[in-house]
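Thanks for coming. I'll go through the overall fold and then the aromatic pairs.

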Amino acid sequence: MIARLKNRDYKRAIAARLSGDDDYGEIPYGGETQMQFTRAMFVTMGRLAKLDGRVTEAEVHFASSTMKLMVLDAAQRQCAIDFFYTGKQDNIDATPYLRQVVRLAGAGSQLSRAFLKLQCRLAFSKGHIRLKEKILLRDVAEVLGFNKAELLRIYTEIQVIDVPRQGGDRTLLSRAYNILQINTDADDNEIRKAYRRLMARYHPDKLGQQANSLEAQRRAREQFQAVCTAYETIEIGRASCRERV
């Protein structure tokens, strides 16, 4: 509780900045709170970026943009770079740093959500999220106090509301409709019918002798998971649209 009371002005200002509520507000000096938050942010980013074995220019650019967004001075920026490289180490565990964010900001808080959303946006900077990145982001969300539904809501905000993909409308939401093999104007009944049909087709327990090889079983699991994720994404996307009406 005492940790959450320290540097309240900094936490309020940085939460507003990272959430997009105040793009030009002054960020007061945050002392140790600022250092711990910056460490958690960029260690986690480094870990997420290196999961597939390489860090792309897009990920480096996103991390650099985040440093500017957080209004880091030269010394703070160098610390952030060092934290990012720390996160790239194979044996690093970001969990202790995430727990510091919870201790400072509170589970499920505006600042914790802004932290999580930035990590998700980093993952999307390469175009799509891979399985290892999804697993890590689920872990990050859980530590920060957010369930799977809220994580999917953030995915939808990024792909549908924040930054629709360049050169077309194949956002996360439109791909979800394609996976379920339905039009984007399908009603709730059509969506449920498509979901149940594909679940019956790809459910591992329904395959029987059709999946007579490890490769066939792997493909079936991937298709089953894709159907589940597509349905959840559509549900979250439609709920977000209803909230904005």
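**Fold and aromatic pairs**

From the N terminus on, the protein chain runs α-α-α-α-α-α-α-α-α-α-α-α-α. Please keep in mind that this is a predicted model. The count is 13 helices and 0 strands.

Some totals for the protein chain. Of its 245 residues, 47% are buried. Among contacts with a separation of 6 or more, 69% are between residues 24 or more positions apart. The accessible surface is about 13500 Å², and carbon and sulfur atoms contribute 49% of that.

Now the aromatic rings. How many aromatic pairs does a search of the whole structure find? There are 4 aromatic pairs, and I'll show two of them, including one between Phe-124 and Tyr-155. A pair of aromatic rings is described by the distance of the centres and the angle of the planes.

For Phe-124 and Tyr-155, the ring centres are 5.7 Å apart and the planes sit at 85°, so this pair is edge-to-face. Phe-124 belongs to helix 7, residues 110-124, and Tyr-155 to helix 9, residues 148-162, so the pair ties together parts 31 residues apart in sequence. Phe-124 and Tyr-155 are both buried.

The other pair is Tyr-195 with Tyr-231: centres 4.0 Å apart, planes at 15°, and therefore stacked. Tyr-195 is in helix 11, residues 188-202, while Tyr-231 is in helix 13, residues 214-244; the pair links distant parts of the chain, 36 residues apart.

Is Tyr-231 buried or exposed? Its relative accessible area is 18%, and the cut-off for buried is under 20%, so Tyr-231 counts as buried.

Technical notes
Residues numbered from 1 in each chain as written. Predicted model: local features only at pLDDT ≥ 70, side-chain atom pairs only at ≥ 80, totals over all residues. Heavy atoms only, no water. Helix = DSSP H or I, 4+ residues; strand = E, 2+ residues; numbered from the N terminus. Buried < 20%, exposed > 50% of the residue type's maximum accessible area, 1.4 Å probe, protein only. Contact = heavy atoms within 4.5 Å. Areas by Shrake-Rupley, 256 points an atom, 1.4 Å probe, with all protein chains shown as cover. Phe/Tyr/Trp six-rings, centres within 6.5 Å; stacked < 30°, edge-to-face > 60°.
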